[in-house]
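Work through the exercises below with the sequence and the 3D view side by side. Try each task before reading its solution.

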Amino acid sequence: MKKILILLYVSMGIFTMAVGQELLSVRHAVEIALENNYDIRLSQNELLAAKENKTYGNAGMLPNATADLTQNNSIQNATQLQNSGVERSLNNARNNNLTYGVNIGWTIFDGFGMFARYEKLQELEKQGDLQLKRTILATVGDVITVYYTIVEQQNLLSALDSSILISKERLRTAENRFSIGKAAKLEVLNVQVNLNEDISARLRQVETVKNLKTMLNGILARDLDVDFIIDTNVGIDESLIYGDLLERADQFNPDLQIIILNKKLAELDLKDIKSARYPIVRLNGGYNFSRTESSLGFVAQSNARGLTYGLTASVNIFDGLNQRRNERIAKIQIDNAALQIEQQRLAVQTGLKTAYETYLTNIELVKLEEKNEDIARQNLDITLAKYTIGSISAVEFRDAQENFINAISRFNAAQLQAKLSEIQLKELVGQIDF
């Protein structure tokens, strides 16, 4: 019986590393996710696209140059009456006109709209960076949540393994007592039923652990069949202070920062729209070649080449009051963005406060359930010793055994909930560490 107790404590404390299995720590799992996860990679590509878009040319600040070629041909029946009174006519008269060259246009002033657009492109790059951080934060939170859920279920599986060892020893003891006439066959059958229940529960628990490992492999974007063992230690950060969390959340919560950035984008949209009230000034220039051929006319053929240059300016005088309408809508968008900032800030504060209260409660529950587990283990030791000498019934021992498993289950659940509360708080403040 002492051997069974030793096996019980060993199985509750460690797991034997299977051949070919890797030890996957939570940090290593996060590193794999940061490299492989599809959501993160998609967000990285979106950020790269935003960086590529942030150019002076995309904002309209640079000139554009084109190489142009135009050729027009015609076949006509033409009649000309000249000033001298002479009339000339020609059927199927051919006329050809060819023009080619390089032309450059450059908008040098558009009511400062180009500067607003470039600043908007800069802000869109920042938005892409914030969205990437939010994706990383959510993914890391998912990895840690699933990882420690596996820890909880793996610890419960270990407890069931211990329970099976105890049930097997109970069965052996009951059979020995029956063989010498100190116990009835009913006791042996009851113990056998208990053992089968434990084995059935273990099979279901093995399935749960395997499914959770598959889920984690999916988040890590790797082969779903990769098996691994985990570090079953659950370290809970008990040093979190509400005031510090609130201050950090206001500075680093990604959802809040994105909404603040949206207000800046709305303000830049208004500046861009207001630029339409100013004149647009554009420089034009080019170097062109032209050739004209005419079957009927004073000039049969002409060639020309040379530089062209000039300036165009235009101003919107009346556009059906659309300018005023667009400005009003842009101002409404700014007001909405300001309201959304306050709404999101309140949502963050509400979530943080409720999560912190849950965090404190879960820490206390961990301490309580840890004591309950120790009490249940001592009770099982005493009950096991009494059962061995036959001073208590198998039913009483089964109660102690189930109490022990339930105590372990509650302790593991309390640890998981405390860890998840910690992760939720750190996710809200935008800073998850290990």
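**Exercise 1. Describe how helix 2 packs on helix 4.**

Step 1. Take the axes of helix 2 (residues 26-36) and helix 4 (residues 113-179): they come within 10 Å and cross at roughly 140°. Helices here are DSSP runs (H or I, at least four residues), and strands are runs of E with at least two, numbered from the N terminus. Axes are lines fitted to C-alpha atoms, for helices over the stretch in contact, with angles from 0 to 180 degrees between N-to-C directions.

Step 2. Classify the angle. Helix 2 is oblique to helix 4. Under 35 degrees counts as roughly parallel, over 145 as roughly antiparallel, 65 to 115 as roughly perpendicular, and the rest as oblique.

Step 3. List the contacts (heavy atoms within 4.5 Å). Helix 2 brings Val26, Ala29, Val30, Ala33 and Leu34. They meet Ile136, Thr139, Val140, Val143, Ile144, Tyr147 and Tyr148 of helix 4.

Step 4. Sort these contact residues: eleven are nonpolar, one is polar and none is charged. Nonpolar covers Ala, Val, Leu, Ile, Met, Phe, Trp, Tyr, Cys and Pro; charged covers Asp, Glu, Lys and Arg; the others, Gly among them, are polar.

A note on the source: this is a predicted model, where local features need pLDDT of at least 70, side-chain atom pairs count only at pLDDT 80 or more, and totals for chains, interfaces and linings use all residues. Residues are numbered from 1 along each chain as its sequence is written, and side-chain values use heavy atoms, without hydrogens and water.

**Exercise 2. Where does Phe112 lie?**

Step 1. Phe112 is in the loop between strand 3 (87-109) and helix 4.

Step 2. Phi of Phe112 is near 70°, a positive value in a residue other than glycine.
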